[in-house]
Amino acid sequence: MTSTNYAYLSNYAIYSAMVLFTVAFFAHAIEVAFSLRNLEEKTKFDFSRTKRSGDIGTVMIVLAFVFLLAAVIFRGISAHRVPWGNMYEFSITGALAFTGAYIFALWKYKVRWLGLPVAIAVLLTLGTAITILYRPSAPLVPALKSTWLAIHVSAAIVSGGVFLLANCIAATYLILDRYESKGGRPTWALKLPTLEALDQLTYRLVAFVFPLWTFAVIAGAIWAESAWGRYWGWDPKETWAFITWVAYAAYLHARVTVGWRGRKAAWLCLFAGSTFLFNYVYINIWGTGKHTYSGL
Amino acid sequence: MAITSELDTRSSLRWLWRQLTSMRTALILLLLLGLAAIPGSLFPQRSQNPLKVSDFFKSNPGTAKFLDQLNMFDVYSSPWFSSIYILLFISLIGCVLPRTFEHLKGIRAKPPLTPKNLNRMEFFTESEFGSLDKAEAWFKKHHFRIRRDANSISAEKGFMRETGNLLFHLSLILILVGVALGSLFGMKGDAIINVGERFINTPTSYDVISYGKLQSEKSLSPFSITATDFKASYELKTGAPSDYKLTVNVANSVGGKEVSKVVRVNSPLTFGTTKVYLQANGYSPLVTIRDKSGEIKFQGTVIFLPQDGNLTSTGAIKVPDMKPQVGFVGSFIPTYARNSVRGAFSTYPEVLDPRLLISIWTGDLGLDSGIPQSVYRLDTSVMKRIGLETLKLHETNNFGEGSITFEGWTPWVNLQIVKDPGKIYALLGAILAILGLLASLFTRSRRIWVKENSNKTGVEVAGLAKNSTPGLESEIDSLVKEMRE
Ligand code: HEM
């Protein structure tokens with residue numbers, strides 16, 4: 001097959017994944033909506049009817065993950081390089097990492113309730129990627145040709161996926177906390193985990209990716225050293241990577257050494273996650289500096 | 001009086017030290033450092049983009065002056081930024097060193113005594129079966145450190161957590177030391193050389209050079225680099241560069257044996273702690289300029305600077321030896337095209353159909369005024385324009401006062417030469433930091449106690465997990481089960 005064929009194949013795989021995510025979205029929506037319908041008192045749920053729908057959602061998301069993986073691989077084959085050269089490619093790989101993080105958390109911590117927000121987030125990401133950010137597949141400029149690029153970017157993307165997942169959970173924490181302090185959870189939220197479990201889960205995820213993010217930043221520095229002659233230059237992208245790192249370090253510190261839990265910790269986590277998003281969106285598109293590879 | 005005030009100073013100093021090295025201060029300093037880094041990403045920085053800074057000054061002079069007083073254009077070398085990280089550095093040392101010594105002592109010590117009342121602990125259980133011997137066997141099998149007393153065992157596991165944590169924080173100090181060494185003893189410079197030319201590492205060979213605060217000009221390592229070939233490859237469709245390859249002959253001492261090497265964007269040349277990077281490239285047109293009588297007044301290559309991705313390049317040619325003096329403002333266009341909107345421009349970065357566009361000026365070049373001038377620009381304030389021409393390869397233009405011939409071109413490369421003796425420590429620190437982090441975040445630290453109950457008919461078991469990491473409960477279950485068998 002030619003490069004162009006692989007590029008088409010990659011695009012089809014993206015469209016297919018989007019269809020699967022849409023199905024998953026509806027499956028999870030039905031799961032949430034119909035476990036409410038058939039209860040007279042708020043405390044009695046009948047999950048047996050909606051369990052099937054939830055299972056379908058999970059299967060769809062796992063399938064979609066496979067398609068996304070294929071899309072990313074085909075993209076790489078078509079361009080003869082690792083598929084992380086512009087913002088379109090970062091976005092599809094980011095969606096892959098995010099979905100992967102969800103599946104991992106699903107297997108490890110039973111977080112199926114996250115299926116709905118995950119499906120929405122991925123659909124939005126892929127939608128923007130394929131409409132606004134799309135660029136034809138092409139080789140890399142010389143500065144991007146490095147093994148360290150592959151290592152740095154893949155570590156950063158995976159970290160990003162997990163950061164966003166942690167943010168979803170922290171946000172859920174804050175919303176539910178709000179309801180609980182006002183008297184009680186609404187019916188749709190009754191089957192979500194306890195606040196304490198959400199708090200623990202957020203911490204677990206952050207503690208898990210913090211070393212990876214540290215590694216991503218260091219790999220970036222090593223790459224910068226070989227491409228630009230300095231390992232750290234306070235380029236806007238580097239500055240914000242540092243800020244993200246400091247923010248998550250502060251989160252870990254606040255928990256472990258100062259004993260922050262719950263609301264304060266969740267806000268700190270959201271703040272840290274938003275510095276990552278800011279770096280990705282703002283600095284890539286509107287920023288100046290050596291890191292503007294968005295291709296826009 | 002004198003004594004009490006001395007005591008006061010001393011105790012307030014001690015108070016200050018304790019405040020500075022407290023966890024809360026460290027946390028605040030850490031957050032402050034993050035906040036302080038933000039303005040540097042919003043305003044242009046002199047160290048990265050001096051042109052943008054001067055543009056900013058031109059468009060908002062008032063604001064710029066005010067911002068400049070706050071060091072907003074040199075954030076990362078400003079006194080306030082430096083003071084935050086120096087304070088953080090001190091705080092880190094003050095907190096981590098004592099803990100390290102304590103930890104080292106703790107390695108040899110036995111676990112602490114078993115507490116009196118185990119039933120106040122988490123995960124307290126009682127078991128009718130079991131003996132201390134069986135418990136001890138289980139602890140040994142699972143690599144706990146144990147303290148066996150007459151009727152109890154105190155066991156501890158997860159020392160790696162604190163070890164890793166300390167290693168991580170000590171590594172941060174090492175990274176900061178590396179950064180400091182680099183900025184004190186490093187050096188950085190740029191030199192543009194034409195292919196075919198030789199660069200000798202002395203201060204005068206550089207276009208720009210800056211030294212670390214404790215570094216002198218004399219300590220440049222004595223190497224030489226001759227650029228023998230440069231090849232740039234581009235994507236046919238987009239003109240985007242796909243590879244740059246510079247071939248050089250290098251000698252570790254000037255006049256020493258030359259060795260051929262290849263430099264690419266991601267693979268620099270190395271001379272000890274000095275590295276040479278390929279940073280940019282462009283074209284130098286080759287021209288011959290004659291006076292009215294036909295005598296050659298200038299012949300050679302002139303470096304032009306690229307203005308866009310297709311390497312439309314501009315520069316100045318100055319001929320002070322002619323009377324009156326003559327200067328040219330030029331554009332070199334590697335692959336020529338022209339339209340009514342953009343005028344002449346290049347459509348591809350390789351030289352396929354070159355042109356040299358010149359405007360010709362006579363008068364005073366201003367080279368004797370004593371004010372330093374850019375070699376890439378012509379100061380035409382006291383000159384008169386006498387012509388505007390587009391030359392093809394080998395074409396000659398006669399402009400009355402003399403003639404100019406477009407003979408050819410040579411590629412040039414920009415070498416960035418950096419000496420950073422601290423880099424290796426920063427890298428080492430980074431690697432150790434990751435290892436420490438992994439060890440600390442993925443080790444569970446916990447204590448388990450087993451005690452014979454008062455009438456010796458069974459045992460009491462209890463545990464404590466640091467940072468309430470999960471998993472202890474199942475561990476205790478397995479211990480109890482083992483004792484039962
Ligand atoms: C003055 C500065 C600092 C001091 C005094 C300090 C001290 C500490 C202490 C006492 C702990 C607790 C370890 C435990 O209880 O197991 C800790 C954990 C930690 N610190 Fe720091 N630290 C400082 C700066 C930093 C910085 C700059 C970072 C940057 C990222 C950082 C990242 C961490 C991390 C990731 C942990 C592990 C948290 C966990 O176990 O979940 N610290 N630090």
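Which residue is the bridge partner of Arg447(B) in strand 23 of chain B? The legends below, all for a predicted model, come to that residue in the third view.

**View 1. The iron atom of the ligand is held by two histidines.** Here we look at the protein donors of the iron atom, which are NE2 of His253(A) and NE2 of His169(B), lying 1.9 Å from the metal. His253(A) belongs to helix 7 (residues 236-256) of chain A and His169(B) to helix 8 (residues 159-185) of chain B, so this pair of residues joins two chains. Around the iron atom, six donor atoms subtend angles of 73 to 179 degrees, and the arrangement is therefore octahedral. His169(B) counts as buried because its relative accessibility is 11%, below the 20% cut-off.

**View 2. Strand 23 of chain B pairs with strand 1 of chain B.** Strand 23 spans residues 459-465, and six of its seven residues are buried, leaving the strand mostly covered. Its pairing with strand 1 (residues 122-127) of chain B is antiparallel and runs over four bridges. Look for Glu126(B), which stands opposite Glu460(B) of strand 23.

**View 3. Strand 22 of chain B also pairs with strand 23 of chain B.** Seven bridges link strand 22 (residues 446-452) to strand 23, again in the antiparallel sense. Here is the residue we asked about: Leu464(B) in strand 23 is the bridge partner of Arg447(B).

**View 4. A hairpin connects strands 22 and 23 of chain B.** Six residues lie between the two strands of this hairpin, in which Lys456(B) takes a positive phi near 55 degrees.

Technical notes: Residues numbered from 1 in each chain as written. Chains lettered and ligands numbered in written order. Predicted model: local features only at pLDDT ≥ 70, side-chain atom pairs only at ≥ 80, totals over all residues. Heavy atoms only, no water. Donors = N, O, S within 2.8 Å, 3.2 Å for Na, K, Ca; no water. Tetrahedral: all angles 85-135°; square planar, octahedral: opposite > 155°, others 65-115°. Buried < 20%, exposed > 50% of the residue type's maximum accessible area, 1.4 Å probe, protein only. Pairing = 2+ DSSP bridges.
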